[in-house]
Structure formats: structure tokens, C-alpha cells
Amino acid sequence: MTDKKGNKRKKTALILLTLLVVLIAAYALVLLAQSQYHDELLESARVERENIISLNTNDVVRVGLKNEAEEFWFTLVGEEWQLEGDEAFPLDQAGVADLLSYACILPAEDMITEVTDLEQYGLAEPKTEIFLQCADGKEVHLAIGEYNGFSQVYYVNLPDEDDSVVYTIASLLATIANKSRLEWMAGAEIPLFTDILSITVTAPQSLGGQVTELVCEDDAWFLQTADGQEALDSASVES
């Protein structure tokens with residue numbers, strides 16, 4: 001009698017175990033199907049990593065950068081880039097090369113079509129704009145709008161082409177392009193203030209073109225005049 005009850009319990013346990021395995025397998029299949037469906041939905045809304053811009057970096061001969069404060073251009077002269085209007089400016093050549101490497105082959109993360117309100121993407125009045133001009137006359141204008149902190153992407157478009165299409169891109173290009181003119185100065189060319197021994201300031205011709213020279217001696221600053229030197233507030237000069 002005891003053996004019969006034991007066998008019955010074993011059979012019941014085996015049946016329950018089998019049902020549990022079947023339920024687990026079915027649940028796993030449901031999760032897999034849901035995951036595949038989700039991936040298909042994402043893929044249907046995602047650009048297949050198409051490039052917004054496709055240029056050969058060697059073809060670009062002029063680069064323009066425009067932000068909310070200023071606009072300036074770089075021109076390729078021989079094998080070196082120069083800041084237009086200031087040939088003596090120690091331009092960061094490696095920095096320009098980095099800018100071109102990211103701008104000339106620019107993949108889209110996502111694409112939004114039939115856009116009617118550019119303002120919601122920060123593209124009605126872009127914070128940053130990049131202009132690329134090639135030797136063959138081809139020109140590309142990229143506008144960079146708002147940053148989406150959740151997705152960690154920037155909204156961009158090509159205003160001279162179809163401004164009803166907005167793309168999203170990784171943030172690195174926008175970070176590089178948003179640098180000020182002075183930030184494009186080659187780091188090796190920027191002296192430490194402690195190494196500076198004189199400062200010469202020339203006023204615009206419209207203000208008389210007066211030249212003012214400051215000199216540093218024994219960690220103290222002086223105004224150089226025709227009659228000698230006048231002591232200055234060194235802390236104010238250094239600040």
C-alpha cells in the first residue's frame with residue numbers, strides 16, 4: 001500500500017515538473033517573440049546608418065563654423081589650414097583634421113520625416129552651423145540644433161536640401177564644432193601666464209592707434225612710458 005502511494009506521488013511530481021518545464025519554455029518563447037517584435041519596430045523607424053554627409057576629407061578646401069557668438073572660416077593653403085583674416089593665428093591643425101573626419105562621413109542615428117516645426121528641434125535658429133566647401137565647388141551646410149539628453153544625441157538637418165527631414169547624430173561633432181575661435185588655437189602655442197614678460201596692446205586706428213606696453217620685472221608689472229616705468233597693480237594685470 002505504501003509503495004503504491006509512493007509511486008503515485010512520484011508520478012504526480014513528474015507530471016507537475018513536466019508542466020513546469022513546458023510553462024517555462026512557453027514563457028521564454030513569448031519573451032523572445034516580444035523582443036523580436038520590439039526590435040522590428042525599432043528597425044522600421046531607424047535609418048540603416050545611412051550617411052547624412054559623405055565627402056572625401058581631402059576634397060574639402062574651406063570650412064566655416066558659426067555659433068551664437070561668432071562666425072569664422074578656415075582655408076586650406078598648401079597643406080596647412082589657416083584662419084581667414086589672420087594668417088599668423090596658430091591654428092590647431094590636428095583639431096581641424098578631427099573636425100573633418102567626423103563631419104565628412106556623418107552617420108545618422110535616426111531620421112524624422114515630414115517635419116513642419118523646426119523650432120522644437122532647435123533648428124529654426126541653429127546654435128551651431130558647419131559649412132564645407134570642396135575644390136570641385138560642392139558645398140554642404142549642416143545645422144545643429146538642440147541636444148536630447150535622454151538619447152544623448154543632437155538634432156541636425158541640411159537646410160539647403162530638405163529641411164523637412166531632421167536627423168539625430170552622436171554628440172562628438174557638435175562638441176568640436178561649438179568651440180570658440182580662441183579654442184582653435186594650437187595648445188602648444190599658448191604660453192603660460194607665468195612665462196609672459198611683456199604685453200603690447202595696440203588700439204584701433206579709429207581710436208588713435210595708441211600703443212601701450214606692459215613689462216614684468218621680478219614678478220611685478222610696470223607700464224612702460226617715454227619717461228620710464230610706472231608701477232601697476234600686478235594682481236589686476238594677472239587677473
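Buried means under 20% relative accessible area, exposed over 50%, and partly exposed in between (1.4 Å probe, protein chains only). Aspartate 219 is exposed, with a relative accessible area of 69%. The structure is a predicted model, in which local features need pLDDT of at least 70 and side-chain atom pairs count only at pLDDT 80 or more, while totals for chains, interfaces and linings use all residues. Residues are numbered from 1 along each chain as its sequence is written, and side-chain values use heavy atoms, with hydrogens and water left out.

Phi of aspartate 219 is near 65°, a positive value in a residue other than glycine. Aspartate 219 sits in the loop between E12 and E13; strands (E, at least two residues) and helices (H or I, at least four) are DSSP runs numbered from the N terminus. Glutamate 114 also has a positive phi, near 55°, and lies in the loop between strand E6 (110-112) and strand E7 (128-134). Glutamate 114 is exposed at 71% relative accessible area.

**The open sheet**

Strands E12 (residues 211-217) and E13 (residues 220-225) pair in the antiparallel sense over 5 bridges; pairing requires at least two DSSP bridges between two strands. Glutamate 213 stands opposite glutamine 224 in E13. Both strands belong to an open sheet of 4 strands, ordered E11-E12-E13-E14 with antiparallel pairing. Its edge strands are E11 (198-202) and E14 (228-231), each pairing on one side only.

**Nonpolar core**

A nonpolar core is a set of buried Ala, Val, Leu, Ile, Met, Phe, Trp, Tyr and Cys residues joined through side-chain atoms within 4.5 Å. The largest has 36 residues, of which Phe74, Leu132 and Trp184 touch the most other members. Helix H2 (residues 93-104) supplies the largest share of this core, 5 residues.
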